Amino acid sequence: MTIRRVSPDHLKILVLAVSCSASAVLAKRTRVTVDVGAVDAKSELQALATLVLASNPALRWQASTSLAERTNQAVRHAHIEPHRGEYRSLLIPVRHGSVSMLASAASKVDSALIIQNKGGGHGEIGFHLALQLAKERGMKVMILHEGPEKASKPPHSAYAELLSANVDILWFDDLTRPEVLWFLDDKKFGAIIDNWSKSPDQIRPFAELAKKWEVANYAYVSSAGMYTPPAGDYGAISEDASVKSSGQRQAEELLEEMKLPYSCFRPQYIYGPKQGKSYLKYFFDRLTNGRPVLVPNGGDQQVTMTHAADNAAMIAAAVGNEAAAGEVFNCATSTLITYDDLVDICAKAVGVEPKIVHYNPKDFEIPKGFFPFRDAPFFVSVDKAADKLGFAPKHLLASDIEWYFTNNYQSSESLDFSLDDEILAKVA
Ligand SMILES: *[C@@H]1O[C@H](CO)[C@@H](O)[C@H](O)[C@H]1NC(C)=O
């Protein structure tokens, strides 16, 4: 992390950070947003944010950055660069950055209970979250785990890492059994993170425990799948969009009714280490077999794919944070990519030239799950988490894709491309 030039604006931020530390101790929470004026790159802003975080480690600093390109007043900033023996001046669009800092006095929450589903495709958030809370926050973490344990499959195969970070893992084949509550009877946690309950009936006993323990947060991990955006509305979905009344939604509602300091997190497409399910297998299967990649409609539909550790970091930012109480957060990253661009970066990782073929999905009978994403654009906005929790994602799919191909992708023994052939015969 380097800041290439320290401008008066940078110094202003650091001075503010220090004075903000002092007032945060008194006021518990303080937010300062500083305009940095012209900056060259997001990395520079992030470097500043890192300095702010380091300025008083006892405070739980959360810093987020934003960088907007000012397109209409295009070029104002000239940059001199040597070019073939002569100096030529490059005109660089002026970018406008801001660093937003949120300080809160060190959280008193020092223990957390994670209620974790079986895993399969959906265990990676719990894994990363337990690790972050235990290792980075020094919290006492227990995972109440729905079994059975599948020790050879991710993320369970990596649980030795959790044990060595002193995370306790308790397995119950059925978390609805009364033994679970007997077991918890003499225990107490400062926060609950629930990625298991699928109905009001399932969540109620844990919500009641949370009341008894007077937890600082009940974080419930549901899913962006509950949104029902109007057809044809292709903007980013925000938390106030309409939702269907699924079991998960009813569980969210019960937490609200019970007046718990709840926060709901609605993740979307996830990738990352220790993941059991792969959203990109569809693309790699075709690219590694020299086949065209079929993409529904125009291929310009946008999507977000989020690293599981970023999802976990957002949830961790809510633990011990009063600003998270009573709020719903989309749990994703801020980077968007189109389906076609996704094929391109996958092809680069494989080392082949992709051939993309578009088709109209309405012309065929396509089984659910054939293509990993929806036919229409479906992506969420994470502005609220950036604003309220100071969340800033650390991972970028484009930089992780090679890792993903090498370390996560597993080909299957036999692949069936008959539907591909049927579509290709009609479209090509
Ligand atoms: C837990 O998290 C996953 C994402 O890994 C999500 O899709 C799932 O629906 C979650 N919630 C519950 C209650 O199982």
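Which residues does T304 touch, not counting residues up to four places away in sequence? Keep that in mind while you set up the view; this is a predicted model.

**Stop 1: T304.** Select T304, in the loop between β14 (302-303) and β15 (306-307). Now show its partners: Q268, Y269, A332, T333, T335, L336, F379 and V380. That list answers the opening question, with residues up to four places away in sequence left out. Is T304 buried or exposed? T304 is buried, because 22 other C-beta atoms lie within 10 Å and the cut-off for buried is 20 or more. I270 and T304 are 34 residues apart along the chain, and their C-alpha atoms are separated by 8.7 Å.

**Stop 2: β7 and β8.** Select residues 140-146, strand β7, and residues 168-172, strand β8. The two strands pair in the parallel sense, over five bridges. Pick E146 and look across to β8: F172 stands opposite.

**Stop 3: A130.** Select A130 and display its contacts. Leaving aside neighbours within four places in sequence, these are I114, V141, I143, L162 and V167. A130 is also among the residues with the most contacts inside the largest nonpolar core.

**Stop 4: the core.** That core has 91 residues. Highlight the others listed with A130 for the most contacts inside the core: A112, I192, Y218, M314, I315 and C346. Finish on helix α9, residues 308-318. Helix α9 supplies the largest share of this core, nine residues.

Technical notes
Residues numbered from 1 in each chain as written. Predicted model: local features only at pLDDT ≥ 70, side-chain atom pairs only at ≥ 80, totals over all residues. Pairing = 2+ DSSP bridges. Helix = DSSP H or I, 4+ residues; strand = E, 2+ residues; numbered from the N terminus. Core = buried A, V, L, I, M, F, W, Y, C linked by C-beta atoms within 7 Å. Buried ≥ 20, exposed ≤ 12 C-beta atoms within 10 Å, placed from the backbone. Contact = placed C-beta atoms within 7 Å.
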